[in-house]
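Good morning, colleagues. Please look at the sequence and the model as they come up on the screen, and I shall then go directly to the first topic.

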Amino acid sequence: MKHLRTVNDVMTHAVVSVDREMPIHDIVGAMRRWGFSSVPVVSGEGRVVGVVSEADLLAKAEGTDDSHRVTAGQLMTVPPVTVPKDATIAGAARLMARGPFKRLPVVDGDGRLMGVVSRGDLLKIYLRPDGDIAEELRDLLTARLIPSGSAIVHAHVDQGVVRLEGEVSDPGTAEVLARVARAVPGVVDVVSRLHAQVPA
């Protein structure tokens with residue numbers, strides 16, 4: 001079972017990058033060949049030092065006769081906006097939503113390029129099979145959060161919609177379980193039909 005939690009779980013590992021000295025003509029060729037709207041610029045040690053986007057290319061090339069001499073180092077936007085490979089999917093989505101980003105370079109702790117994450121990559125969580133979501137829910141709810149014998153909870157998943165049924169010790173526990181279920185990647189909604197046990 002694949003638990004989709006971090007950027008590393010969904011990112012594209014095969015990535016096209018350029019160095020500072022690559023001329024504009026070759027950058028455009030690479031972007032057109034691979035269908036990318038931006039490419040990371042890396043140093044000799046593999047660290048991301050900038051990003052060249054289509055907007056950068058258009059701004060520099062417009063009205064210049066010597067654009068063929070321009071390099072990635074002159075074009076790139078700095079500092080680059082990157083995301084750590086262990087960032088949560090939700091965190092990366094928030095970062096991407098705050099700016100005009102379609103793709104973000106993914107880096108390790110030393111800033112070295114590990115891959116690229118796109119909007120499409122982040123949406124992969126909504127393509128998780130219902131069975132995977134249900135298995136993760138059972139592990140979280142019954143094996144970790146509910147003490148043995150203290151409650152009976154069943155989780156059913158249909159097209160990402162979770163239905164929780166059963167009995168728990170108190171209303172507060174029901175709210176916690178529903179909140180935990182909503183946080184599982186791939187869950188689009190939670191319908192809680194949990195009932196609090198009536199004291200004898």
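Predicted model: local features only at pLDDT ≥ 70, side-chain atom pairs only at ≥ 80, totals over all residues.

The lining of the second largest pocket divides by class into 14 nonpolar, two polar and three charged residues. The largest share belongs to H5, with five residues in the lining of the second largest pocket.

Let me turn to the largest pocket. Its volume is about 370 Å³. Seventeen residues, in figures 17, form the lining, and those nearest the centre of the largest pocket are Ser38, Val51, Ser53, Pro100 and Phe101. Three elements each contribute at least two residues to the lining of the largest pocket: strand S3 (48-53), helix H3 (54-61) and strand S5 (103-107). By class, the lining of the largest pocket comprises nine nonpolar, four polar and four charged residues.

How many cavities of 30 Å³ or more does the structure hold? The structure holds one, and the space in this largest cavity is about 30 Å³. Its lining consists of Ser38, Val39, Pro40, Val51, Arg103, Leu104, Pro105 and Val116. Strand S2, residues 38-42, supplies at least two residues of that lining, as does S5. In terms of class, the cavity lining has six nonpolar residues, one polar and one charged. Please note two residues on this list, Ser38 and Val51, which line the largest cavity and are also among the residues nearest the centre of the largest pocket.

Leu123, Tyr126, Val161, Val188 and Val191 make a nonpolar surface patch of about 420 Å². Is Val188 buried, partly exposed or exposed? Val188 counts as partly exposed, because its relative accessibility is 48%.

Some local features of the backbone remain. Val78 and Pro79 are joined by a cis peptide bond, with omega at about -10°. Pro79 sits in the loop between helix H4 (72-75) and strand S4 (83-84). Gln159 has a positive phi, near 55°, although it is a residue other than glycine. The loop between strand S7 (152-158) and strand S8 (161-168) contains Gln159. With a relative accessibility of 68%, Gln159 counts as exposed.

Finally, a pair of residues from separate parts of the chain. Asp9 and Lys124 are 115 residues apart along the chain, and their C-alpha atoms are separated by 9.8 Å. Asp9 belongs to helix H1, residues 7-10, and is partly exposed, with a relative accessible area of 23%.

Thank you for your attention.

Terms used. Residues numbered from 1 in each chain as written. Heavy atoms only, no water. Patch = residues over 30% accessible without salt bridge, like charges linked within 9 Å, V, L, I, M, F, W, Y side chains within 5 Å. Areas by Shrake-Rupley, 256 points an atom, 1.4 Å probe, with all protein chains shown as cover. Salt bridge = Lys/Arg side-chain N within 4 Å of Asp/Glu carboxyl O. Buried < 20%, exposed > 50% of the residue type's maximum accessible area, 1.4 Å probe, protein only. 1 Å grid on protein atoms, 1.4 Å probe; cavity = no way out; pocket = protein on both sides within 12 Å on 5 of 7 lines; lining within 4 Å. Points joined across faces, edges and corners; volume = space filled by probe spheres on them. Helix = DSSP H or I, 4+ residues; strand = E, 2+ residues; numbered from the N terminus. Nonpolar A, V, L, I, M, F, W, Y, C, P; charged D, E, K, R; others polar.
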